[in-house]
Amino acid sequence: MHEYTTPGSFNVSLNATNSSTGSNVATKIDYVTILATPPILPYAVITVNATSGDIPLTVDFNGNSVGGSPNSWLWNFGDGQTSTLQNPVHTYQAKGNYTINLTVSNSAGTTSRILQNWIRAGYSMVTVEESQNNSTIPLYQNNFIRVKLSDNPSTGYKWTLNVSAGLEKINETFIIDPKPTGMDGNGGIRVWDIHAAGIGEQTITGSYKRSWDPPGTGKVFSIIIYITSTISTPITNFTATPMNGTTPLTVIFTDTSTNTPTSWIWNFGDGNTTNATVQNPVHTYLTAGTYTVSLYATNSRGSNTTIITNFITATKPILPLPGMSQPPTDPDNDGIYEDLNGNNRIDFTDVVLYFNQMSWIAANEPIAAFDLNGNGRIDFSDTVVLFNEV
Ligand SMILES: [Ca+2]
Ligand SMILES: [Ca+2]
Ligand SMILES: [Ca+2]
């Protein structure tokens, strides 16, 4: 008994010996031919840890094979990106439906497994299997249901699926697991992707029979999908007109939030809560100051708050000084009101008026408009600056 461990052709010699005739050797050329094991074509099997979810959506891809062992892997993730790793991790940045293609090869050849629209990034998708027969599944409109049911090709039993009017069958894929198309499989999984197009109660009904069996025979499968309209958490934002002015300053606030909030709580920053729960409130600031405004808005999905700091500036108006009929003016337009008596020019009377009314100015006028030396208060030095400008 001899075992050949390498492929090739071998000569065989028989050396026969007996005690009476001596020995004789017979040789046969190419008598034994050992063939190499034929290479086996590999078939890719794709496993993923997620098929849907918010973007950015990171998916762990696992490549396996049945049949032969691949010596190269090529993934196409459907968004223009590829990988030659066996088990790549890929992140989808944009909302969309992505077709996965895994190509494997060895010396026997190359095969590809393509799963149409397999990853639905930015969507919610519920996967339903036969064990969930007779269950009710909630889903938001415009998301997806993936139904996976096992056929039995060797007996001819297969599933067909019917959906109600608010559902749309958009994809049908047959994945044989574990044996791929082209191999002698006796089990398989048929996959339908269904778009939740309508709202309200919808049904998915499956029936499992051979093509020649009469309707109503075999197994049945039924799922209720309860679809509600798509609602996302509000993203709060707002505008105001005007954003600055003199007291009393009346401001119209406008809600510019997205995703349709249904309740609003404003904080105008001055402690006054009048109109605080109105969507587009009008608010009057009575006291000079700079105000931070916030809006908290909610809907059935959640809430969100946006705060804008130092959003509204209310300043005191320029008032006529005691005994004057005209308010002060700013003849050189630099924001400082040097003309205290309101006669549109800077004169010595303004200096006297400033000196005599320093306390009144400090109490009643906007300080910044009369602070000639810019030190933040009304003081004697301001009168000196004013005197020098006359
Ligand atoms: Ca001025
Ligand atoms: Ca003047
Ligand atoms: Ca000053």
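Let's start with two helices, helix 1 (residues 348-356) and helix 3 (residues 380-389), whose axes come within 9 Å and cross at roughly 175°. Helices here are DSSP runs of H or I with at least four residues, strands are runs of E with at least two, and both are numbered from the N terminus. The axes are lines fitted to C-alpha atoms, for helices over the stretch in contact, with angles from 0 to 180 degrees between N-to-C directions. That crossing makes helix 1 roughly antiparallel to helix 3, a label used for angles over 145 degrees.

Which residues make the contact? On helix 1 they are Asp-350, Val-351, Tyr-354 and Phe-355, and on helix 3 they are Asp-382, Thr-383, Leu-386 and Phe-387. Contact means that the C-beta atoms, placed from the backbone, lie within 7 Å. These residues divide into five nonpolar, one polar and two charged. For that count, Ala, Val, Leu, Ile, Met, Phe, Trp, Tyr, Cys and Pro are nonpolar, Asp, Glu, Lys and Arg are charged, and the others, Gly among them, are polar.

A quick word on the model, friends: it is predicted, so to speak of local features we need pLDDT of at least 70, and side-chain atom pairs count only at pLDDT 80 or more, while totals for chains, interfaces and linings use all residues. Residues are numbered from 1 along each chain as its sequence is written, and chains are lettered from A and ligands numbered from 1 in the order in which they are written.

One is open, with four strands in the order 12-18-17-14 and mixed pairing; two strands pair if DSSP finds at least two bridges between them. Its edge strands are strand 12 (136-140) and strand 14 (158-163). Inside it, strand 17 (residues 200-209) and strand 18 (residues 219-228) run antiparallel over nine bridges, and Thr-205 has Ser-222 as its bridge partner in strand 18.

Another open sheet of four strands has the order 20-25-24-22, again with mixed pairing. Here strand 20 (244-246) and strand 22 (263-267) are the edges.

Finally, the cores. The largest nonpolar core has 19 residues, with Tyr-98, Ile-100, Leu-102 and Ile-119 making the most contacts inside it. Such a core is a set of buried Ala, Val, Leu, Ile, Met, Phe, Trp, Tyr and Cys residues joined through C-beta atoms within 7 Å, and buried means 20 or more other C-beta atoms within 10 Å of a residue's own. Apart from it lies another core, of 18 residues, among them Trp-192 and Ile-204.

Key. Angles under 35 degrees count as roughly parallel, over 145 as roughly antiparallel, 65 to 115 as roughly perpendicular and the rest as oblique. Two residues are in contact if their C-beta atoms, placed from the backbone, lie within 7 Å. A residue is buried if 20 or more other C-beta atoms lie within 10 Å of its own, exposed if 12 or fewer, and partly exposed in between; C-beta atoms are placed from the backbone.
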